[in-house]
Amino acid sequence: MTKKLLFPFLSLFALSVAGQAPPHVPYSTQPILSETTTKISDHVWEITGFPNIAIVVGSRATLVVDTGMGPKNGATVARVVAKLAPNNSKLFLTTTHYHTEHVTGEPGFPPGTVLIRNAVQQGELQKDGQVLTDLFRGMSAQNKDLLAGVVLRSPDVLFDSEASLDLGGGVTARLLWLGGAHTRGDELTLVEPDHTLVSGDVVQNKTIPNIFGEDGTPTEWLATLDKVAMLNVAHVLPDHSAPGDGSLVAAERALIIAIRTQALALKRQGISVDAAAREISATLRKQHPDWPDTNAATFVKSVYIDPADPH
Ligand SMILES: [Zn+2]
């Protein structure tokens, strides 16, 4: 992970912290999670924040997806879990991807929490997680405080492509690794019988897709979305945008295809990546005036360097 790759990410958060309009505006930039929940479907609740947290409640066990930034936020999530499901004796914890605000709350969860994630994501976390967490520490005094002394433990369970958790009362959570997208280790959680997908960054709502450096490619993201489409979900809970219905999956695919098609056409014409990014971002702004941000610069760059599209 080079400084060059980190720069767009760093500038995004530096601007957010300064309170100016950042180039990418997440659904919420509030890193201190509240104890307020929103019900998404029969067995799934959301804490809206940076990032959104999913809590899946069965009759015997509870699953949390993503931790929030640092142990204080993890402890907040654990308190919400205890209120939502006071009689459940077992708590599972998984994470959508290895980025700091999704994983570093883990030490705030109670002893006995079963930490589970896919092997590709764990590999990315071991390789790049510390560098990214140090970067987050440098962004604000608040982050530095939240992330003080964080030491991450190894997962209790690692899986390759799928792990199914029986939470009791007919509630199951299928943890799925279907391929790369926002990162290589993006994990999806399908909750049945709700038909609810906890989608991480893979499917978002009114949000420009973003690949951090070379952690994934647009063609991999599209291949992953083809598999997600086959799940026929009814509800989608993304990590950095508002929840929605199953149509978000097709909308994500259409958005990526639209940006990729335009970018490849401009690339073939010999247009520079910066000029292409300006033109495509302007088009998206006209098409989606209600979106918080339509800056597609990093994704256009990802299309330009995608080894699957050499020409
Ligand atoms: Zn991320």
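This is a predicted model: local features need pLDDT of at least 70, side-chain atom pairs count only at pLDDT 80 or more; totals for chains, interfaces and linings use all residues.
The overall build was examined next. The protein chain contains 9 helices and 13 strands. Its radius of gyration is 19 Å, close to the 19 Å that the globule rule gives for 311 residues, so the chain is as compact as a globular protein of that length. Along the principal axes, the C-alpha atoms fill a box of roughly 60 × 45 × 35 Å. Of the 311 residues, 49% are buried. Among contacts with a separation of 6 or more, 66% join residues 24 or more positions apart.

Helix H8 covers residues 273-287. Its 15 residues should span 21 Å at 1.5 Å a residue, and its end C-alpha atoms are 21 Å apart, which agrees. Ala276, Ala277, Ile280 and Leu284 are buried in H8. Seen down the helix axis, the buried residues of H8 fall within an arc of 100 degrees, so they line one face. Asp274, Ala282 and Lys286 are exposed on the other side of H8. The cover over the buried residues of H8 includes H7 and helix H9, residues 297-304.

Helix H6 covers residues 218-229. At 1.5 Å a residue, its 12 residues should span 16 Å; the end C-alpha atoms are 16 Å apart, which agrees. Pro218, Trp221, Thr224, Leu225 and Val228 are the buried residues of H6. They fall within an arc of 115 degrees when seen down the axis of H6, so they line one face of the helix. Asp226 and Lys227 are exposed on the other side of H6. The buried residues of H6 pack against strand S10 (188-192), H7 and H9. H7 and H9 are also part of the cover over the buried residues of H8.

Strand S10 belongs to an open sheet of 6 strands. Their order is S8-S9-S10-S11-S12-S13, and the pairing is mixed. Strands of a sheet pair through backbone hydrogen bonds, either parallel or antiparallel. Strand S8 (162-168) and S13 stand at the edges with a single partner strand each, so one side of each is left without a neighbour in the sheet. Strand S11, residues 196-200, pairs with S12 in the parallel sense over 4 bridges. Within this part of the sheet, Thr196 stands opposite His235 in S12.

Several loops next to these strands were then considered. Ala242 lies in the loop between strand S12 (235-238) and strand S13 (244-245). Ala242 has 18 C-beta neighbours inside 10 Å and therefore counts as partly exposed. Lys206 is 36 residues from Ala242 in sequence, yet the two C-alpha atoms are 8.4 Å apart in space. Pro193 lies in the loop between S10 and S11. The peptide bond from Glu192 to Pro193 is cis, with omega near 10 degrees. Another cis peptide bond joins Phe50 and Pro51, where omega is about 0 degrees. Pro51 is placed in the loop between strand S2 (44-47) and strand S3 (53-57).

Positive phi values were found at Asp66 and Asn232. Asp66 is not a glycine, but its phi is about 80 degrees. Asp66 lies in the loop between strand S4 (61-65) and helix H2 (70-84). Asp66 is buried, because 28 other C-beta atoms lie within 10 Å. Asn232 is likewise a residue other than glycine, with phi near 50 degrees. The loop that holds Asn232 runs between H6 and S12. Asn232 has 10 C-beta neighbours inside 10 Å, so it counts as exposed.

Methods: Residues are numbered from 1 along each chain as its sequence is written. Helices (H or I, at least four residues) and strands (E, at least two) are DSSP runs, numbered from the N terminus. The radius of gyration is taken over C-alpha atoms; the globule rule is 2.2 Å times the number of residues to the power 0.38. A residue is buried if 20 or more other C-beta atoms lie within 10 Å of its own, exposed if 12 or fewer, and partly exposed in between; C-beta atoms are placed from the backbone. Two residues are in contact if their C-beta atoms, placed from the backbone, lie within 7 Å. The expected span of a helix is 1.5 Å times one less than its number of residues. The arc is that of the directions from the helix axis to the C-beta atoms. Two strands pair if DSSP finds at least two bridges between them.
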